[in-house]
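I set out to record, entry by entry, what I looked up in this structure.

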Amino acid sequence: MATRLLKSWLRGGPIRSVTYRQNVLLGARRLSSSENIETQPLFGKILIANRGEIACRVISTAMKMGIRTVAVYSEPEANARHVEMADESYCLGPAPSAQSYLNVDRILEVIKESGAEAVHPGYGFLSENAGFAEAVEALGVRWVGPPAPAIRAMGDKIESKQIAIDAGINTIPGFQGVIKDEEVAVRIARDQVGYPVMIKASAGGGGKGMRIAYTDAEAREGFRLSTEEAKSSFGDDRLFIEKFIEEPHHIEIQLVVDSFGNVCCFPERECSIQRRNQKVLEESPSMLLTPETRNAMCAQATMLAKAVGYRSAGTIEFLADANQNFYFLEMNTRLQVEHPVTEYVAQVDLVEQMLKVAAGEELGPELTTEKKALGKIHGWALEARVYAEDPLRSFLPSTGRLLRLQEPEGACAFGVATAVRVDSGLVEGMEVSRHYDPLLAKLVTWGTTRDEAIDAMAKALDEYVISGCSSLAHNTNFLSELCRSKRFRRGETPTSFIPEEFPQGFKGVALCKAEVLRVVAAALLVHTSSLIDLRNTSGRDHLDEWVVVLSDDGASSVMGGESRAYHVQVTDSDEVGAGLIVGALDEAGNPLAEEAVDLTVLDWEGPYSPLVKVDCDDGEGTKAVQYLGRTRASQAPYGALRLVASGAAILARVLTPTEYRYSRWMLPPEVKDTSSLIESPMPGVLVSLAVQKGQEMELGQEVAVVEAMKMQNVLRAPRAGRVAEVHARPGDTLLVDQLIISMEEPAEDPNQQGKIAA
C-alpha cells in the first residue's frame, strides 16, 4: 500500500489529507464522581512547589489518586503545561528563580491562600531546603519528603560523610573540613589527599559546584569556579575535597522509608554516562553489579537511612569499581530525575508511595527489600535526558522558542503503560529560558533485555521531533550516537565514558551508507510530493530523473563539510516495492557507481507531518527521517529541505539534472572571519573578565566566564595577541554570538592559531 502511494506521489497522484494530532497526556486522569472510590483521597489538595516535567509528573499521580492539585508559576510561564494540568494555579513573580520558584515567602502565602493540605517539592529548587520544609510544617501542612533534620544532615556533604563513617559505611578518602581559599585547596589536594581530586560543593548536587583537578593550576581554577557555581546555585559556597576514584561506575540505590521503620530498597540504577558530572543516560539494573554486591549496597543504604532517621523516598549514591568495591558518595533527600527507570523495573509508582508515606500510611507487605532488590527484576529500562544544549558547540546551553513538537509513536507520559515514556513539560510555542535548568524532557524506554531497551531508545529518538527557532538546540543527536556506541552496547560504561569516547568533542553522527540512502529517498519523496499541485496547474511534465545534493546543516559534520550529490532514477517497479536507482556523483558530476535500492516501505502523511518512514531492505527495518521544513531566505542554501536521520542534521536540495549542472558554477557564500573576535557562544550573564584593553594574551588563557542555566562556562583566547577593545562588562546580559572582546590583527604566525575552549 505504502509503495503504491509512493508511486502515486512520484507520478503526480493525489495526497491524502492530514489531520494534526496534539500531544496528549496518557496514563493519568481525574477520577470521576461516578467511579467507585473505596476510600477518601489521602489529601484533598496538594501544592507542587516546582515547574516543568516534575510538576507534571506529580500532578499526574495525584490525578490518578483523586487528589486536587495546585500549581505555581513565574510570570512567563502562565501558559505552561503544569499550569494547564493543575486544578488551580498561582503566580509567584518574575522569571528569575530567586523571585519566583525560590521565593519562600510567596510560596508560603500561596499554600495558605489555596488551602493545600500537603506540599510536594519535586526535585531541585526548594526540594532539599530544610528551612522551607520546617516552614511548611509550621503551617500545619504535610511535607511530602523527609524530615528537616535528615535533609539538613544529608544536604551538608561534609556532615553526611561523617554520619556515614560513624554508621560503618564505606566512604571515599578525603579531607573532612571546609576549604578556605585556593592555596589551602592546592595544599590539601597535593599534600594530604593526592591528585587526582574532586573539589565539591558541600551543599551541591546535580553536577554543579564540582571540578576534577590533576594539577595545582587545575585545583586553583576548580576552587574558584566551584565556589562561584555553588554560591549561585545553592547560596552556599563551602567546598571540600575527596580523592577522585578513576574509572568508577556511578551506582545508586532508590529507597522508600515509612514512619514505622520499614525500609524498602529497589533495584539499582547505573548513572555513569555523565558529562561535567551531570547525568545524561541512566539505566536499571546495572551491568556491573553481582547479586552479592547489590545485596551489600542495599544493606548499607538501609543502615544510613536508619542512622539519619529518614522517611519518604530518597537515593543513596555510590561509586563502584570493576572489582565490586563501592564507596558512599552522597544521599539525595528527594525524588531523583531518573526515578522512571526504577518505576519500570520495580513496577511501582514512587510518587504514590511518597504521598502515602506523607499521609502516615505503612508500606505495603509487597514492598520489601528482599522482594524488590534481590528478587526478580522486571526487564531493563533506560532514561535519556533531553537537554537544551548544543553538542556541536561544546554542549553550550541554548534558548529560544519551541515551534514543533511530536513525541515518539505510542509513547505514554508519567507512567509505565507502554514501553516508551516521555516525561516533559513541553508545549509548542513555549519559550525555553536561560533562567532555569536546561532539562527539556526525559525519554524512557523499556525492554525484556538491555539490547531491546537500547533498540527502543534509538527508535524513539529517531521519532522524537523537537524543533525550534535557530537559537534552540538540543542533544538528541548526541543521545543517538551513544545508543550506536559498541562500547555502550557492551555495558562498558565508567564515568569516564564520554571524555574517552569523544576526546575531541562531539562532531556529529556518522551515517552509514544505508542511512544516507534513506535520506536521499526521503528528500525525493518530500520534494516531489510538494510539486504535485504545481504540475496539475502548470502542466509541468513529471520527471523520472533527479539529483539529490546533501550537505551539513549548521555545525554538523556528517558530510565532512562538503556537499555530496546522488543521481536518482525513478523506475517502474513490481507489486513489492517502488524502484529507485541511486548513484553517487563525483565533483565533476560524473557517476561513481550505481546501486539499485528496493524501497519496500516509504510512508509520509503529507506536508504537515514531520516524519518520513523508510525501509531500504538492509535488515534494519523501517526507520524514521525527520522533515523540519525548508531553509529561509536568510539561510544558505535557500529552500533546502531540513532533514534529521539517526540524529544527523542534513540539508537536502532536490534538483533536475539541468539545475544541478548550472548550480555547480555558482559562487560559494562568503564566510565571516571571526578569528580576532571573542563572542559569547550562548545567551547568559557575563560573570567576570580576566583581561583588559591593551593586555597581551596567551593561547588558551582564560578571558571571561559566562553563566548560563546555572553553569559557569570559561571562554579562552583563540590565539596569542593583544586585546584591542572590551565590548562588555561583568553583569551584562549577553545574546548568543554577542561580541565580548576584539583582538588586534594577528602577526603572520601559523603556530599561534587555535580555538576557543569552553
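**Entry 1: a residue in a strand**

I began with glutamate 679, which I found in strand E33. Helices (H or I, at least four residues) and strands (E, at least two) are DSSP runs, numbered from the N terminus. The model is predicted, so local features need pLDDT of at least 70 and side-chain atom pairs count only at pLDDT 80 or more, whereas totals for chains, interfaces and linings use all residues. Residues are numbered from 1 along each chain as its sequence is written, and side-chain values use heavy atoms, with hydrogens and water left out.

Is glutamate 679 buried or exposed? I noted that glutamate 679 counts as buried because its relative accessibility is 17%; buried means under 20% relative accessible area, exposed over 50%, and partly exposed in between (1.4 Å probe, protein chains only).

**Entry 2**

I then asked which strands accompany E33. Four strands form an open sheet in the order E33-E40-E38-E35, and the pairing is antiparallel. The edge strands are E33 (677-679) and E35, each of which pairs on one side only. Two strands pair if DSSP finds at least two bridges between them. Strands of a sheet pair through backbone hydrogen bonds, either parallel or antiparallel.

I followed the sheet from E33 onward. E33 and E40 pair in the antiparallel sense over 3 bridges, and glutamate 679 stands opposite leucine 739 in E40. E40 (residues 739-743) is in turn joined to E38 by 3 bridges, again antiparallel, with valine 723 opposite methionine 743 in E40. E38 (residues 721-726) pairs with E35 (residues 696-697) over 2 bridges in the antiparallel sense. There I recorded arginine 722 in E38 as the bridge partner of glutamate 696.

**Entry 3: strand E1 and its partner**

I turned to a parallel pair: E1 and E2 are joined over 4 bridges. Isoleucine 46 has threonine 69 in E2 as its bridge partner. Both faces of E1 are covered, with Lys45 and Leu47 buried on one side and Ile46 and Ile48 buried on the other.

**Entry 4: helix H4**

Which residues of H4 are buried? In H4 (residues 104-114) I listed Ile107, Leu108, Val110, Ile111 and Ser114. Seen down the axis of H4, these fall within an arc of 155°, so they line one face of the helix; the arc is that of the directions from the helix axis to the C-beta atoms. The face turned away from the buried side carries the exposed residues Asp105, Lys112 and Glu113.

I next looked for what covers the buried residues of H4. The cover includes strands E1 (45-48), E2 (68-74), E3 (88-93) and E4 (118-120), as well as helix H5 (130-138). After H4 comes glycine 115, whose phi is positive, near 75°.

**Entry 5: helix H2**

H2 (residues 52-64) has 13 residues and reaches 19 Å from its first C-alpha to its last, close to the expected 18 Å. The expected span is 1.5 Å times one less than the number of residues. I noted that H2 is mostly covered, since 12 of its 13 residues are buried. Among them are Gly52, Cys56, Arg57 and Met63. Glycine 66 follows H2 and has a positive phi, near 80°.

**Entry 6: nonpolar cores**

A nonpolar core is a set of buried Ala, Val, Leu, Ile, Met, Phe, Trp, Tyr and Cys residues joined through side-chain atoms within 4.5 Å. The largest has 68 residues, of which Tyr464, Leu482 and Leu550 touch the most other members. Helix H18 (residues 513-530) gives the most to this core, with 10 residues. Apart from it lies another core, of 38 residues, including Cys56, Ile67, Ala118 and Leu355.

I looked up leucine 482 in detail. Leaving aside neighbours within four places in sequence, leucine 482 is in contact (heavy atoms within 4.5 Å) with Ile273, Val280, Leu281, Phe488, Phe497 and Phe502.

**Entry 7: the chain as a whole**

I closed with the totals. The chain holds 20 helices and 40 strands, and buried residues make up 56% of its 758 residues.
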